[in-house]
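Here is a short briefing on one protein model. Keep the sequence and the structure in view while reading.

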Amino acid sequence: MLATTELTESNTAIYPLSDGLDAFTARLVSIEAAQVSIDVQYYIYRNDETGTLLTWYLYKAAERGVRVRILLDDMTTGALGNGLAALVRHPNISIRVFNPAHYRERRTWSFVTDFGRMNHRMHNKSLTVDNMLSIVGGRNIGDEYFSANEAVEFGDLDVFMMGAAVDEVSDQFDLYWNSSQVRPVEQLEEKSIDAVELFETHAALQAFQQSLPENLYVRRLVTTPMLEKLLNQRVNWYAVDAEVIFDPPNKLHTHLNQGILVDDLATFFSAAEEQVLIISPYFVPTQSGADELVSWAKSGVDITVVTNSLAATDVLAVHSGYQQYRQQLIEGGIKLYELKADLTRKYKQAEAKMFQGSSRSSLHAKSFVVDDEAIFIGSFNYDPRSAWLNTEMGVIIYDKPFSKKFLTGFYHDLPSKVYQVKVEDNKLVWLDLVSGERHYKEPNTSLWQRFMASFLSWLPIESHL
């Protein structure tokens with residue numbers, strides 16, 4: 001691990017953010033340090049505790065003169081109500097949405113009448129401060145991504161960056177911000193925000209600020225080692241070569257001679273000589289993809305896939321698209337693991353209830369490792385939707401020490417967190433690697449869940465998963 005002073009003009013300093021509290025702390029500290037600009041780009045931005053807290057920090061930055069640009073996919077902006085329109089009245093805040101629905105109050109009708117366009121979403125995730133710091137990865141803005149949701153916690157991964165790659169993230173943001181697929185939010189609202197509503201929004205944020213000293217989640221944040229590292233400049237950065245890759249905003253209309261992200265990943269995977277690790281919460285390889293993975297395995301490449309179990313997934317339809325390929329992959333020599341859903345993280349502090357972990361875990365990280373030489377971290381799932389429908393982004397890190405450390409830590413923790421899916425007597429078996437127990441049906445699932453997953457697998461929806 002190297003100090004940032006050892007960076008060259010072409011290098012990037014990176015730090016992985018695997019813990020939800022660390023990931024949110026890094027975002028807040030970065031926003032608080034902003035002096036000139038903040039660019040925020042997300043697929044989901046929830047109006048929950050972490051979403052409100054992040055909004056408050058962005059609002060404070062705007063109040064001290066920082067230019068704030070917020071770029072959101074329109075799929076989930078409806079839940080934010082008039083708050084977006086009110087925030088944009090601030091002279092230092094601009095908000096734009098990607099691929100907006102024409103019928104603002106009847107979005108389902110927009111999908112029915114304009115499905116081809118509305119099915120194309122911006123899945124990119126980035127936050128950039130002063131064109132000096134960026135956070136890129138798999139997390140959206142919502143409680144489940146940052147250890148603040150009691151019902152479910154997404155295991156996710158971001159990368160904190162300084163240096164050359166930040167310029168590439170900024171260029172990507174500007175490309176989207178100025179694209180024809182994007183509209184300013186104030187042009188989309190069917191009614192204007194009057195002075196009373198603007199005052200009410202400001203008052204609500206002020207009231208939220210006053211509640212922060214007693215906020216249990218904030219009290220968890222201030223105890224994180226990450227906060228001390230950031231405030232005292234003790235983050236052990238890695239100095240690496242890194243490349244930001246992303247889809248063009250007009251991906252659906254891209255000509256054959258224009259590259260998209262899946263082309264870059266194909267080149268990335270083609271360099272594999274010894275091993276490939278695929279971590280993807282939504283894993284739908286398609287028949288051609290499954291055949292290709294088996295072909296790699298038969299050529300001598302050690303391939304490992306980690307995805308959600310049926311009990312852990314939050315999208316049943318995606319699991320239905322994946323389950324039909326399991327036996328072929330395993331019999332073709334691929335190691336297949338599924339995340340357990342019953343993991344509960346306990347925090348060993350005095351106030352046990354306050355530091356209780358979530359009751360269910362779900363994988364949400366998207367990361368691929370080739371040999372022990374390079375690693376991709378980003379928003380791309382190994383499925384048709386990420387490949388052909390949604391826009392995606394991520395960073396490829398070319399650094400052997402970082403990749404080896406990632407792999408070492410990953411495989412050390414793997415046995416306690418997953419089932420290995422095997423084929424015995426031509427049937428699937430889920431093996432608990434710690435207890436040795438075998439499950440002959442998908443663990444911790446109901447008959448109804450298994451039936452629905454099978455039923456959905458019969459429908460011709462794979463290309464949309």
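In which helix does Lys417 lie? Lys417 lies in helix 15, residues 400-417. This is a predicted model, in which local features need pLDDT of at least 70, side-chain atom pairs count only at pLDDT 80 or more, and totals for chains, interfaces and linings use all residues. Residues are numbered from 1 along each chain as its sequence is written, and side-chain values use heavy atoms, with hydrogens and water left out.

**Overall make-up**

- The protein chain has 16 helices and 20 strands. Both are DSSP runs numbered from the N terminus: helices are H or I with at least four residues, strands are E with at least two.
- Of the 465 residues of the chain, 57% count as buried. Buried means under 20% relative accessible area, exposed means over 50%, and partly exposed lies in between (1.4 Å probe, protein chains only).
- Among contacts in the chain with a separation of 6 or more, 77% join residues 24 or more positions apart. Contact means heavy atoms within 4.5 Å.

**Lys417**

- Lys417 counts as partly exposed, at 37% relative accessibility.

- Helix 10 spans residues 261-270, and its buried residues are Leu261, Val262, Leu265, Phe268 and Phe269.
- They sit on the same side of helix 10 because they cover an arc of only 110° around the axis. The arc is taken from the directions that run from the helix axis to the C-beta atoms.
- An α-helix has 3.6 residues a turn, so residues three or four places apart point the same way.
- Thr267 and Ser270 are exposed, on the face of helix 10 turned away from its buried side.
- Phe368 is found in strand 15, residues 367-370. Phe368 is buried, with a relative accessible area of 0%.
- Leaving aside neighbours within four places in sequence, Phe368 is in contact with residues including Leu265, Phe268 and Phe269. Leu277, Ile278, Ile279, Ala374, Ile375, Phe376, Phe380 and Tyr382 are also among its contacts.
- Phe368 and Val305 are 63 residues apart in sequence, with 9.4 Å between their C-alpha atoms.

**Helix 1 with helix 2**

- The axes of helix 1 (residues 20-33) and helix 2 (residues 49-63) come within 9 Å and cross at roughly 15°. Axes are lines fitted to C-alpha atoms, for helices over the stretch in contact, and angles run from 0 to 180 degrees between N-to-C directions.
- Helix 1 and helix 2 are therefore roughly parallel. Angles under 35 degrees count as roughly parallel, over 145 as roughly antiparallel, 65 to 115 as roughly perpendicular and the rest as oblique.
- Helix 1 passes helix 2 in a left-handed crossing. A crossing is left-handed if the near helix is turned anticlockwise from the far one by less than a right angle, and right-handed if clockwise.
- From helix 1, Phe24, Arg27, Leu28, Ile31 and Glu32 meet Thr50, Leu53, Leu54, Tyr57, Leu58, Lys60 and Ala61 of helix 2.
- The contact residues divide into eight nonpolar, one polar and three charged. Ala, Val, Leu, Ile, Met, Phe, Trp, Tyr, Cys and Pro count as nonpolar, Asp, Glu, Lys and Arg as charged, and the others, Gly among them, as polar.

**Helix 12 with helix 16**

- Helix 12 (residues 316-323) packs against helix 16 (residues 447-457) at an angle of about 70°, with the axes 8 Å apart.
- That makes helix 12 roughly perpendicular to helix 16. Their crossing is right-handed.
- Helix 12 contributes Leu316, Ala317, His319, Ser320 and Gln323 to the contact, and helix 16 contributes Gln449, Met452, Ala453, Ser454, Leu456 and Ser457.
- The residues of this contact comprise five nonpolar, six polar and no charged.

**Loop residues**

- Most residues other than glycine have a negative phi.
- Asn131 has a positive phi, near 55°. Asn131 lies in the loop between strand 5 (126-129) and strand 6 (133-137), and counts as partly exposed at 37% relative accessibility.
- Ser147 also has a positive phi, near 60°. Ser147 lies in the loop between strand 6 and strand 7 (153-155), and counts as buried at 3% relative accessibility.
- Val88 is found in the loop between helix 3 (83-87) and strand 4 (93-98). Val88 counts as buried, at 12% relative accessibility.
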